[in-house]
Amino acid sequence: MSEPLRQLIYISTATCQMSEEDLTAILNKFRPRNGDNGITGMLLFCEGHFMQVLEGPPDVIETLYTRICSDPRHTRHQVMFDHAIAAREFGEWQMAFHSVRVNELREQVGYLPWTEARGPNLEQDARHFIQYFHDMMSIRS
């Protein structure tokens, strides 16, 4: 029997300006850690806002998200999706990454910047962003 999996998607706001070097440092630090802990997922960054998908064992996800919420580099955390899943959507990536501009998101039909994603449609919005990310990664390949 396979190990239970949890997928948690959250959005947050950076507390300071994030340069490309800052983002690269975050990726370099946390990708290996995620791999060691059985975490997969992706990180989007858009003009001062983060959206991250975390997938892995439920207890590991819980511990990681608690640590993320205490990280002073970002605030205003909001969970968009948090459920048990049958299979990983980002199984090949410890932390896939894409930086995007708001106008790029607005050009996509049905995609709003997650800075505007609030209210009862959070799960649907999260699914749209995941599809957007998969589309962006397939274009880059």
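Colleague: In what order do the elements of the protein chain run from the N terminus on?

Modeller: They run β-α-β-β-α-β-β-α-α, which gives four helices and five strands. Helices (H or I, at least four residues) and strands (E, at least two) are DSSP runs, numbered from the N terminus. Please keep in mind that this is a predicted model, where local features need pLDDT of at least 70 and side-chain atom pairs count only at pLDDT 80 or more, while totals for chains, interfaces and linings use all residues. Residues are numbered from 1 along each chain as its sequence is written, and side-chain values use heavy atoms, with hydrogens and water left out.

Colleague: Why is N34 called buried?

Modeller: Buried means under 20% relative accessible area, exposed over 50%, and partly exposed in between (1.4 Å probe, protein chains only). N34 has a relative accessible area of 6%, so N34 is buried. This residue lies in helix α1, residues 20–36. Contact means heavy atoms within 4.5 Å, and leaving aside neighbours within four places in sequence, N34 has I39, L64, Q94 and M95 as its contacts.

Colleague: And I11, buried or exposed?

Modeller: Buried, because its relative accessible area is 2%. I11 lies in strand β1. Between I11 and T75 there are 9.2 Å in space, C-alpha to C-alpha, with the two 64 residues apart in sequence. For the protein chain of 141 residues, 45% count as buried.

Colleague: What makes a set of residues a nonpolar core?

Modeller: The members must be buried Ala, Val, Leu, Ile, Met, Phe, Trp, Tyr or Cys residues, joined through side-chain atoms within 4.5 Å. The largest such core has 13 residues, and I9, M42, M51, V53, M80 and I130 have the most contacts inside it. At least two residues each come from β1 (5–14), β2 (40–46), β3 (49–56), β4 (74–85) and α4 (122–140). The largest share, three residues, is supplied by α4. A second, separate core of eleven residues includes A14, L23, F50 and F97.

Colleague: Which residues is I9 in contact with, leaving aside its neighbours within four places in sequence?

Modeller: Among them are M51, V53, M80, A126 and I130.

Colleague: How do you know how many disulfides there are?

Modeller: A disulfide is counted when a pair of cysteine sulfur atoms is within 2.5 Å, and by this rule the count comes to zero.

Colleague: What makes something a pocket, and what is the volume of the largest one?

Modeller: On a 1 Å grid over the protein atoms alone, a pocket is an open set of points with protein on both sides within 12 Å along at least five of seven lines, where a 1.4 Å probe fits; lining residues have an atom within 4 Å of a point. A volume is the space filled by probe spheres set on the points, which are joined across faces, edges and corners. The largest pocket has a volume of about 290 Å³. Of its 18 lining residues, F30, Q52, I68, D71 and H74 are the closest to its centre. The largest share of the lining, five residues, comes from α1.

Colleague: And what is the volume of the second largest pocket?

Modeller: About 190 Å³. Its lining includes C16, L23, F45 and R101.
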